Amino acid sequence: QIGGTGTQTAGGLAIANGGNYSGALYLVGSTTARLSDASSTAGVFLSRYNTSSSSLARQAIRVLSGNTTVIPRAIASAPGGMFYVVGEFTGTVTFNGKNSPSDDITLISEGDYDLFVAKVNENLELVWALSAGSSSFDAAKAVAVNAMGDVFVTGYHSGSKATGAQAFFPSVIRRGYFVEGGLYDAVSKNAFLAKVNPNGFF
């Protein structure tokens, strides 16, 4: 049990690849209420677990964003103990910075929902966060990292006006058919595959 009142939902799991906590388990999820040992009332949380013992002992937990309109969908580990979290959000959301509010990163959605990519370190601290989207609904559903540290994100987009992250949708989307709970017209929803630089741009 993650702990706390309200509803907690797990978004994904990843094992640390190198760093000071190599082999540790990292979990990303969301909560509608304050967790028992986290400072924020709700939002997206990250936690680290020790996998070397007979039971999973939580070593640390941190709230990545205190906004309940952020939905984490997946997490992937990268060399050196880094991690990438992807998902979608709507409205104006803030990702909590490393040391103080001056380090916070604010993202604003263009349409109904936009996708986000966030890089965090082994101490659950935010390195950077970016978003991209169109005038309608866009989402990131999965993420993977290769040995060079390049990040690959997939999901779907809809709408015609693309903004954010150098308006990447028109240039990098590989158009296809997306199925989620039913069939969608290929004109209104398209799968995409994007490569993201470790420094935070498409």
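The chain contains one helix and 13 strands, in a model that is predicted. Read from the N terminus, the elements follow the order β-β-β-β-β-β-β-β-β-β-β-β-α-β. The chain has 202 residues, of which 45% count as buried. Among contacts between residues at least 6 apart in sequence, 54% join residues at least 24 apart.

**The sheet and its hairpin**

Four strands make up an open sheet in the order E5-E6-E9-E10, and their pairing is antiparallel. Strand E5 (70-78) and strand E10 (126-132) are the edge strands, each pairing on one side only. From one strand to the next, the twist averages 20 degrees. As a general point, strands of a sheet pair through backbone hydrogen bonds, either parallel or antiparallel.

Strand E9 (residues 114-120) is joined to E10 by six bridges, and the two run antiparallel. Within this pairing, Lys119 stands opposite Trp128 of E10, while Leu115 has Ala132 of E10 as its bridge partner. E10 is mostly covered, with six of its seven residues buried. Five residues lie between E9 and E10 in the hairpin that these strands form.

Leu124 sits in the loop between E9 and E10. Its phi is near 70 degrees, a positive value in a residue other than glycine. In general, most residues other than glycine have a negative phi. Leu124 counts as buried because its relative accessibility is 2%, and buried means under 20%.

**The nonpolar cores**

The largest nonpolar core comprises 22 residues, and those with the most contacts inside it are Leu46, Leu64, Ile75, Phe95 and Phe116. Two or more residues each come from strand E2 (25-31), strand E3 (43-50), E5, strand E6 (82-89), strand E7 (92-95), E9 and E10. Apart from this core lies another, of 17 residues, which include Ala74, Leu130, Ala132 and Val153.

| Residue | Contacts |
|---|---|
| Leu13 | Leu25, Tyr26, Leu27 and Ile75 |
| Leu46 | Leu27, Val28, Ala60, Ile61, Arg62, Leu64, Ile75, Val85, Val120 and Leu124 |
| Arg48 | Tyr21, Ala24, Leu25, Tyr26, Ala57, Arg58, Gln59, Ala60, Glu122, Asn123 and Leu124 |

Arg48 belongs to strand E3. Although Arg48 is buried, it has no salt bridge; the nearest side chain of opposite charge is that of Glu122, 7.2 Å away. A salt bridge would require a side-chain nitrogen within 4 Å of a carboxyl oxygen. Arg48 does touch Glu122, and its contacts also include Asn123 and Leu124.

Leu13 lies in strand E1 (residues 8-15). Is this residue, Leu13, buried or exposed? Leu13 is exposed, because its relative accessible area is 53% and exposed means over 50%. The C-alpha atoms of Leu13 and Leu46 are separated by 10.0 Å, and the two residues are 33 residues apart along the chain.

Conventions:
Residues numbered from 1 in each chain as written. Predicted model: local features only at pLDDT ≥ 70, side-chain atom pairs only at ≥ 80, totals over all residues. Heavy atoms only, no water. Buried < 20%, exposed > 50% of the residue type's maximum accessible area, 1.4 Å probe, protein only. Contact = heavy atoms within 4.5 Å. Pairing = 2+ DSSP bridges. Axes fitted to C-alpha atoms, helices over the stretch in contact; angles between N-to-C directions. Core = buried A, V, L, I, M, F, W, Y, C linked by side-chain atoms within 4.5 Å. Lys, Arg positive; Asp, Glu negative; His and termini not counted. Lists of a residue's contacts leave out its neighbours within four places in sequence.
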